[in-house]
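Here is a short tour of a protein model. Have the sequence and the 3D view open as you read.

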Amino acid sequence: MNGGKFVKLYELTVSQLSSLLKKKEINAVELTRTVLDRIVEAEPVLDCYINIIEEQAVERAEKVQKMMDAGELYSPLAGIPMAVKDNICTEGIPTTCASKMLQDFVPPYNAAVMQKLYNNGAILLGKLNMDEFAMGSSTENSYFKKTKNPWNHDRVPGGSSGGCAAAVAAGEAIYSLGTDTGGSLRQPSALCGVTGFKPTYGSVSRFGLIGYASSFDQIGPVAKDVTDSALVLNAIAGHDSQDSTSAGIKYPDYTESLVNNVKNMKIGIPSEYMRNNTSEDVRKAVSEAIELFEKLGAKCEEFSLPIMEYVLPTYCIITFAEASSNLGRYDGVKYGHRAKDYKDLGELYKRTRDEGFGSEVKRRIILGTYVLSAGQYDKYYKKALQARRVICHELNRAFDKYDLIMGPTSPSTAFRFGTKVEDPAEMYKNDVLTMPANIAGLPAISVPCGFDGDSMPIGLQFIGKQFGESTLLRAAYTFEQNTDFHKNKPVIKPVI
Amino acid sequence: MNYEVVIGLEVHAELSTNSKIFCSCTTEFGGDPNTHTCPGCSGMPGSLPVLNRRVVEYAIKAGLATNCIISNYTKMDRKNYFYPDLPGAYQISQYDIPICKNGYIEIEVEGKKKRIRVTRIHMEEDAGKLMHDEFGAGSLIDYNRAGMPLVEIVTEPDIRSAEEAKAFLDNLKSILQFIDVSDCKMEEGSLRCDVNISVRPEGEEKLGVRTEMKNLNSFKAVISAIEYESKRHIDEIESGGVIYRETRRWDDDKGFSYSMRSKEQAEDYRYFPDPDLPPIIIDQEWIEKIRSTLPELPEARKQRYMKEYDLPAYDAGILTSSKVISNFFEKALRKTDNVKAVSNWIMGDLMRILKDRKLEVENIPFPAEYLADMISLIDKGTISGTMAKKVFEKMFDSGKAPEVIVKEEGLEVVTDEAAIAKIVDKVLDNNPGSVADYKAGKKKALGFLVGQVMKESKGKAEPQLVNRLLSEKLNE
Amino acid sequence: MSFSKETIDYIAELSRIGLSEKEKEDMVAPVEKILACMDKLEELDTTNIEPMEHIVSAVNVFREDKVEKSYDRDIILANAPEHEDGCYSVPKIVE
């Protein structure tokens, strides 16, 4: 290979690039510069990044290359440039949550996942755009900018990890780390035609993840294929004593599950996923996936999951309540935005929080505060916790019968800007298919499975049982090995 | 009309762990502002709490020592409110399932024994400290104290007077110190007390409207506040006024309480279980393991002293009022059998000297064995009782052993008859008037002359010998 | 379920967000819609169901009582919008 010049390096996967790096056909600095060039090319169109750290990235690439040359770094992630969602703390690098409230916040410490990635020789390119405080499904709620869908620049990339998905799809990062609270990682992955993995709750440390809903949030990889997802997961999963909710299990080598075989796998498709809001194109793509799985020897069956009706209210009540508490700390006193005009402490708080938060965040805090308030607690919060147990129970019952649950990731493909952001209740419905995995803490993955009539990507979702990543990865890998959807790349039309 | 005062107490005790409750910052007292903090205890985004095991153990210990039931299942909850000393806008505390409940502490006031029921004990984190800046234009916040581990001990409204409140606090402090979970230094803020108080006509069962006074930081303040506030309630009611259910601030300097208008509306804390912290299961095995580490508690020790050493209740009470004193007492008794003397020296001179020199019992500059040694010297007659008082003071000055001090300064009792006889002769020569008085029948003059001999001998002459020689010579 | 103006005023106060009158007005419709969605839970039979207070099955997650070095004050205060004499500063607090 001629130094990889015939192939656009930024279009290759982690495993491909790792191989080239190990064979010394390319080096980390060259690779990093290539991706940085791609960022320069695509950013004016797509606006994936809030902050790009070119100099630091190149410096780091030089260091990493030296370490690789000295035989000190063996990880498949070594020398590979990547980016993370801007709600993951990066020491010395601004971490804004796409909010005015944290516009100038520079964390004095790294999130646990960042430390792990650095230990693996990863090269950070910058921080990716998102919906403010991870609240949204389109990245339209960012204080700074709107990220465009690489497949059609009039459409949203999904959210809240819109920047993560768009960057990977467009080659502006070889992989990224996003976060998933109700589908925030899987839905944009589906809408942008890439692979997004939400691990079992507790598998990836939340230390350094700026919290939205503590019992729902998980960090996961957004990557070009299932193999890359497994490689990244190997690096970031693991017990962390700094996070009391971190699972103390024995973590596997996730790449051992990359096996092309689904014979006798029992797959259940909830009928609720295939009707209601789900568009015809999406249903068609998923139906074709079902056919493929049957051909490959799996047993697919539709089943009823009536508890789906209560998923959205349960999600909203609990996450909004947790958010209202987690976001209380933003008060202009210790860090972040501080109002300029105030005559006393009360005004300092109120103006800071009114000025610093966007309207979606404020709405969720108001609702979250309401459902926890005296007189409403039993009716809403307590009820939602009970509903959560019922939903978990129902999903576990499904896993008595099936190895996997499968269905579309999102009921529709990417919508146009401005079409849903005015109606939050409508916006939330985009995530109903992804929310169950967060409610029950289950692992779930979205892989590309087709395109609609407008050539917009469609995502296929697998949900596994708790710590059932191996089955998930095997099914997703098998699907990928027998299709080509993940190999498609969007064409970025440059701004004239 | 006679009124009954009904009091309940909420006591916050800082636990003497090495690190804070949810992070590894030190719990050391003092320190420049904001030098004992981290992202966790200063409320930074992305930080997470991890519970200090020793805090749980100390809370269980405190519960066992106060006869509580230890919950087999307990959890942490968030108490949400906005105040600058609370970095995260919520305090991690315990709401509906405290770690301990339904205990009691026995008190004795004016000879009457009574049980004050402990409703609950729960774990929580402390908030930071607010200070006013020097111009008085703003307030400054120090988070060193944020995240310090606390237990909150809540009583039923069983207390009926300021004396009972003091007795309760004394016993609670003693217990917590004995089991080594808190040093209970009110002046350092490691013990704080809130008072809930109401009055009702004697015989009435229904409780009156209560007011609350927070953060009283000395036992004296608790007593003064209770006395003032109960009087205020009674005066108000008698004059036809109304008591408002409110929090009042106690001004210890001025000696009155005043309404805190800003906290009129009852804050809705929106308690909910903290999703960042898994629940705590305490099995019987763990409880028994902790129970086996409990030392003899103050009340039990007091009873034992009364029995074993035949000490009166009052004395036994003082000797068991603090673990340090009690240990000092017992250590001294390993070297001498003279219980009465040890007890008297501790209760008398030792306590007095500590007070005069503003020392804590922990800072006695010599080991208990030295007290025993000194008592032995008195018993053997090597020094007089009067001289011993001087020696004792010098032990505090230098920390040296009593024999060393006696030897270095030549303080032994002089029993050399010839030497004393010389001094007696000298004194008699110098005080002809007194001699004459004595011979004239004024026996009191003998005392004066004895005093003069003692003075001349710098207190070292053996008193009985002086008496005998003087009498002999006077009666010649 | 009507989310009255008093309720919005009260909740905004409780959450210390100084919503303008317009923001409060604009909030009513979407909030009521979301509440209507939340009200749907009433239809779910949850008799005898224990609220799921924790999603992890782990219990007794503790750390040992070891002291680690605290952060340097300069680093901690680096993000503070206003500080004085090593402390965060706020307007005078009236008790």
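Helices and strands here are DSSP runs, numbered from the N terminus; a helix has at least four residues and a strand at least two. The model is predicted.

Start with the loop between S3 and H5 of chain A, where Thr139(A) is found. Phi of Thr139(A) is near 65°, a positive value in a residue other than glycine. Is Thr139(A) buried or exposed? Thr139(A) has a relative accessible area of 0%. Buried means under 20%, so Thr139(A) counts as buried.

Ser160(A) also sits between strand S3 (123–128) and helix H5 (162–170) of chain A, in the loop. The peptide bond that leads from Gly159(A) to Ser160(A) is cis. Its omega is near 10°.

Now move to another loop of chain A. Asp47(A) lies between helix H2 (28–46) and strand S1 (49–52). Asp47(A) is not glycine, yet its phi is positive, near 55°. Why point out such spots? Most residues other than glycine have a negative phi, and most peptide bonds are trans.

**Cavities**

Rolling a probe the size of a water molecule over the atoms shows where empty space is left. How many cavities of 30 Å³ or more does the structure hold? There are 10. The table sets out two of them.

| Cavity | Volume | Lining residues by class |
|---|---|---|
| Largest | about 270 Å³ | 10 nonpolar, five polar, four charged |

The largest cavity has a volume of about 270 Å³. It is lined by 19 residues. Closest to its centre are Gly40(B), Cys41(B), Tyr90(B), Ile92(B) and Glu125(B).

The second largest cavity has 15 lining residues. Those nearest its centre come from chains A and B: Gly211(A), Asn326(A), Arg329(A), Gly46(B) and Ser47(B).

Finally, look at chains A and C. The crossing of H9(A) with H2(C) is left-handed.

Which residues meet there? H9(A) brings Leu312(A), Pro313(A), Cys316(A), Ile317(A) and Phe320(A). H2(C) brings Ile34(C), Cys37(C) and Met38(C). By class, the contact of H9(A) with H2(C) has eight nonpolar residues, no polar and no charged.

Note on methods:
Residues are numbered from 1 along each chain as its sequence is written. Chains are lettered from A and ligands numbered from 1 in the order in which they are written. This is a predicted model: local features need pLDDT of at least 70, side-chain atom pairs count only at pLDDT 80 or more; totals for chains, interfaces and linings use all residues. Side-chain values use heavy atoms; hydrogens and water are left out. On a 1 Å grid over the protein atoms alone, a cavity is a set of points where a 1.4 Å probe fits but cannot get out, and a pocket is an open set with protein on both sides within 12 Å along at least five of seven lines; lining residues have an atom within 4 Å of a point. Grid points are joined across faces, edges and corners, and a volume is the space filled by probe spheres set on the points. Ala, Val, Leu, Ile, Met, Phe, Trp, Tyr, Cys and Pro count as nonpolar, Asp, Glu, Lys and Arg as charged, and the others, Gly among them, as polar. Buried means under 20% relative accessible area, exposed over 50%, partly exposed in between (1.4 Å probe, protein chains only). A crossing is left-handed if the near helix is turned anticlockwise from the far one by less than a right angle, and right-handed if clockwise. Contact means heavy atoms within 4.5 Å.
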